[in-house]
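Open the model in a viewer and keep the selection panel at hand. The stops below go from ring to ring and then to a pair of helices.

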Amino acid sequence: MADVEYVCFVDRDKMGELCQNSGPGQLTCTDPRELKRLARQGHWAKNHSIRAQVYQQLIKGIPCRTVTPDAAVYRDIVDKVVGKRKASTMPLPEIVDGSPVPCYCLNGEGVRAAQKIVICIANQFPDISYCPVLPAIVALLLHFSQDEAECFEKVCRLLACNEPGRRMIDQTFLAYESSCMTFGDLASKYCPGAHKLILATSRSQDVLEVYSDWLRWIFGDLPLPFAARVLDVFLVEGYKILYRVALALLKFFRKMRAEVLEESGGAVGAGGDLQDEMQIFVQRVGKFVTPEKLLEKAFGIRLFNRKEIRLLQMANEQSLKQKGITVKQKRRNVHLVVDTETFKSDIVSVKEMRDIWAWIPERFALCQPQLLFTTSEHGCSLNSFYAQSEGYEPTLLLIRTTEQESFTLHCRTGKKQNMQCSQTAAQAAWLMLNPLNKRNVFYDLGRTLEEHSESYDLIMIVYYSQN
């Protein structure tokens, strides 16, 4: 195949090395494990034509619904859907939630083609109600398609995937929002340093709002060389790699901000717009790391598996359903969930309670806290404590020591069942923690790590100095 077949929609001058074919001349591998290894190594990253052929092979192999729109359907409907109107003057469908078509080195014809494809996909998939990453997926695959119809078919196959347990692109607000909650849970567990930085810096906004853009970081904000490398692995390994890459971006963001803070002598303060700052960092990430370093960091995250993601996703979706959040609506901020007018505590301030709320799993953070027991009203009897709190779960125990230092225990199961474990956790927290905000996870020694990952029945400690 001639190279020009795959670059008719792109600006070759802006593409640079991405347009070259200096890598392998062909790829005949079909073994999944070998493909995974080659994708991670960027085996076809330096050969534009081979990359296009690999994408075609991988996407053709995706099991899809019986009736899935193909290239012939696009050629048949494009004139009827778009008509004689210019695609550039037609608004993108509501399902993309205002997300534009990323440039990705596309020329004018390429941008117009991407807009037409998005409009036609919305026409053929009336069941899709929310898919803000769709324009970016289309723009990326347009680089590796011979014409609009081929790109249309590739995206349709990703959307129509029906393989059990395989997830490609979120198509409802419920799925998208639960993925944001899942990323928040994973960030607090696997990137505690970055999570703490965002929590301490995002005074003017909800920390969870920062995480709500995590998919846009990858599909939309990442420069083309990075986005293409992510797509290489995504088509082989699936949705899990997106969480890994986003967590790696978060780790690098923390490192970059620490360096900037050190160079400025602490002049970078809190209160900035973290969403904008994170977006700018992702857009300029090439100044800090290479695509290879980003993926190396992503694959270096340990104890991270597809099963854990699936269980978290299911739990978060169920929590959203119980709260009636299944369609797009204005997100309720964490600091609004913790009512500043009615919340009172002798142990933690409203600000500290808001910080605690940002550490607990997001599905629990959707709830309004309710005071069940306080020693000032109910005394110090354990029987009274059990009577007042048993049956309510999950719960937070706010405890102040005789040294006027405080910590919080997050308990998932009943108090009588977990009291022995809670006391052990408190002793460990007292011995291990410094007088700073810090989160630790304590496991029941009678259970395996896999059992804990399955249930997420963990106790979380947040410690505060009362200076």
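**Aromatic pairs and a helix contact**

Start with Tyr74, which is buried at a relative accessible area of 3% (buried means under 20% relative accessible area, exposed over 50%, partly exposed in between, with a 1.4 Å probe and protein chains only). This is a predicted model in which local features need pLDDT of at least 70 and side-chain atom pairs count only at pLDDT 80 or more, while totals for chains, interfaces and linings use all residues. Residues are numbered from 1 along each chain as its sequence is written, and side-chain values use heavy atoms, with hydrogens and water left out.

Next, show the aromatic rings. The whole structure holds 13 aromatic pairs; rings of Phe, Tyr and Trp (its six-membered ring) pair if their centres lie within 6.5 Å, and planes under 30 degrees apart count as stacked, over 60 as edge-to-face and the rest as tilted. One of them is the tilted pair of Tyr74 and Phe152, with 5.1 Å centre to centre and 40° between the planes. Tyr74 belongs to helix H4 (residues 71–82) and Phe152 to helix H7 (residues 148–159), so the pair ties together parts 78 residues apart in sequence. Helices (H or I, at least four residues) are DSSP runs, numbered from the N terminus. Phe152 is buried, at 0% relative accessibility.

Now select Phe253 and Phe281. Their rings form an edge-to-face pair, 5.6 Å centre to centre with 65° between the planes. Phe253 is in helix H13 (residues 240–263) and Phe281 in helix H14 (residues 274–283), 28 residues apart. Phe253 is buried at 1% relative accessible area, and Phe281 is buried at 3%.

Stay with these helices and display H13 and H14 whole. Their axes come within 11 Å and cross at roughly 100° (axes are lines fitted to C-alpha atoms, for helices over the stretch in contact, and angles run from 0 to 180 degrees between N-to-C directions). H13 is thus roughly perpendicular to H14, a term for angles of 65 to 115 degrees. Residues in the contact (heavy atoms within 4.5 Å) include Leu249, Phe252 and Met256 of H13 and Leu274, Met278 and Val282 of H14.

From Phe252, move to Lys297, which lies over the face of the Phe252 ring at 5.4 Å from the ring centre. A charge sits over a ring if NZ of Lys or CZ of Arg is within 6 Å of the ring centre and within 35 degrees of the ring normal.

Last, select Phe183, Tyr211, Trp214, Trp217, Tyr239 and Tyr243, which ring pairs link into a cluster.

Methods:
Helices (H or I, at least four residues) and strands (E, at least two) are DSSP runs, numbered from the N terminus. Angles under 35 degrees count as roughly parallel, over 145 as roughly antiparallel, 65 to 115 as roughly perpendicular and the rest as oblique.
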